[in-house]
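The following note concerns selected side-chain arrangements in the model shown below.

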Amino acid sequence: MATPIEQTDDLERALRALTRPEWRGLPAEDLIAMYRVMYTSRMIDDREIAMKRQNRIFFQISSAGHEAVCVAAGRVLRPGHDWFFTYYRDRALCLELGMTPYEIFLGDVGAAEDPSTGGRQMPAHFGRTDLNIVTSSSPTGTQFNQAVGCAEGIVRARVSGLEDRLDSRVPNVKPDEIVLVCTGEGTTSEGEFWEALNSASTLELPILFLVEDNGYAISVPVEVNTAGGSISKIVRGFPHLYVEEVDGTDLLESYDVVRRAAAHVRSGRGPALVHAHVIRPYNHSMSDDERLYKPESERDLEAARDPLVTFGAYLVREGVLESHELESLKAEIKDEVADAADRAATRPQPSPESIYTHVYSPDIDPASSAFETEPRFESEGKPTTMVDLLNACLRDEMRRDPTMVVFGEDVADASREEILEEVKGKGGVFKVTHGLQREFGSVRVYNSPLAEANIVGRAIGLAVRGLKPVAEIQFFDYIWPAYHQFRNEVATFRWRSNGAFKCPLVIRTTYGGYLTGGAIYHSQTGASLFTHTPGMHVICPSNAVDANGLLRTAIRCDDPVLFLEHKHLYRQTYNKGVYPGPDYMIPFGKAAFVETGDDLTIVTYGAMVERTRKALAKLDRAGEPVSADLIDLRSLNPVDMDAITRSVKKTNRVLVAYEDAKSWGYGAEISARLADELFEWLDAPIRRITSTDTFIGYAPSLENASLPQVDDIAEAIVELATW
């Protein structure tokens, strides 16, 4: 039988379990739990600041002032069910979703056991596969298009009936899962924010944008960053976009608003945006001093809105906690945070040699013999163009893999399906994707907006959700808006998450000059900017059969691939080939010997292969024959240095021919490696034949002067062979 004291305790617990309308249907236990997470987040901030001053951690950026709306969002959404693309002030969100203070501190100290990054990124770069918190990065705004791609993947998987047929490392698609993407108000000035809103609204995607507006982008006030000072007022014109504004320091009001917005999205009625006004009572980071640009009066007003103060007082006022219970709870949390910090500080950092782990897939090696298959030519097969064999590969792979989607600018036959029977269909500027939409439908083959970062960012999100995106950037010359996504996102995704996340995708793009009239903006090369980036493969075939086999390898490998298709080679007769069958693959990093000889090694790729072959033939006809190993690299990263080495040790002379400008180009790296590794085998200087360090002109006289011609190559061959 319970004692009177125990009976009193039971009664108090029962009373606290009751809800009131003003508590938004939440029981008292939930209110206490939410306050616990808010206070834990703040105490982590304070502990991190102390540890940074003691040189026990190396960077700190706070989440102070954002706790209420983050906890509200975490309470409304479902970890491991919904998907989360966070930014650096979302600690309270991640704690509410299930991360622990100990895990946060493991990231702070750069421990090998850090579940978010394994010590590879700064603190506050959250990621947990089991919670669907997608690995985040430092660039502001790159998360928007990725989140849209993830939401798009949800919809396309459902429509295609692929809910349980995605990549085996990715959870099945649930009937009502949605995506949350978070940002500060400063990042809404980035172009990718508007690209993402445009796509989310156009496609009516299940995505919720949470703008945590603390009034400052570091020191820049919101009225300077945002026209009119309110992002929610500006975006209300987007069709299908549900918009609400809220005091993000009010936990219960935030809970109500986020709950309504999430319900709207979950019901399939399109995207939503919640504009939450929060505060930033601490500096932007420990590298910043807000007193330099924020007056004391403004800081006092922020302090009065501090959600830790206001909600703590609310709990006492509502009788949810007594004052002494609140203080006891705070003390308990402080002790828990201190203990977590101390335990994390003892954990070892990653070993130095681990820097090489997870740059590429540890499980699937596209340079291995598994990707070396024999062609199965049809008995009466006729030679056909690179365009045709690229198209054949895409068809084969879409038939083989129902998760593969093809999209980009102009890739569909017609965006308006109702007119397909009236038109021949576009299928890309060069017809590489012609007919794919007719066979596979508009869910799997579709046009994108004219926005390159949007294409690549969405491809990342689609890959994260378990689809296989093969996207097209129409011209290499216009790839640069997407370079941010390539360099900081695509390439780093696997490594920065310590192997927890990956984004296997293929980005196809047309490349190069020799067009007569291509000029500056339709003749560009520049592969070195991508081969210079670890974490992605770069491929550049010179003929139709190689293009077919290499593209199939690109699609079936588990890493991101940039696939360069030289425009000049698309319909040449000299590089035609017979269809090699639906399983023909060429390993990456395996060069081809177009010709063999003993006098000279010529290393080249792309359109320069045929020009170099013609130069050798011209010399032969002129009675000045040079016997050369003509090496077609095919794969630029990885590169077949073994083949080059064998050849140079035989010929002792090497010419590197490439279409890019001479200085700091791809061939410069090949030359440097040869000088480093094979100096004692060389009987002559390494020679390069390249484009000029200028641009490609429109007039044929200018174009010819800029690009290496057959005569230029022949002259270089003779000079080197006779040196």
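**Note on selected side chains**

1. Leaving aside its neighbours within four places in sequence, His 81 is in contact (heavy atoms within 4.5 Å) with Asn 132, Lys 174, Asp 176, Glu 177 and Arg 266. His 81 belongs to the loop between α3 (67-76) and β1 (83-85); helices (H or I, at least four residues) and strands (E, at least two) are DSSP runs, numbered from the N terminus. His 81 is buried, its relative accessible area being 15%; buried denotes under 20%, exposed over 50% and partly exposed the range in between (1.4 Å probe, protein chains only).

2. This is a predicted model, in which local features need pLDDT of at least 70 and side-chain atom pairs count only at pLDDT 80 or more, while totals for chains, interfaces and linings use all residues. Residues are numbered from 1 along each chain as its sequence is written, and side-chain values use heavy atoms, with hydrogens and water left out.

3. Rings of Phe, Tyr and Trp (its six-membered ring) pair if their centres lie within 6.5 Å; planes under 30 degrees apart count as stacked, over 60 as edge-to-face and the rest as tilted. By this rule there are 21 aromatic pairs. Tyr 216 and Tyr 293 form a tilted one, with 5.7 Å centre to centre and 45° between the planes. Tyr 216 lies in strand β4 (residues 216-217) and Tyr 293 in the loop between β7 (272-277) and α11 (296-304), so the pair ties together parts 77 residues apart in sequence. Tyr 216 is buried, at 11% relative accessible area.

4. A cluster linked by ring pairs comprises Phe 476, Trp 480, Tyr 483, Phe 486, Tyr 511 and Phe 530.
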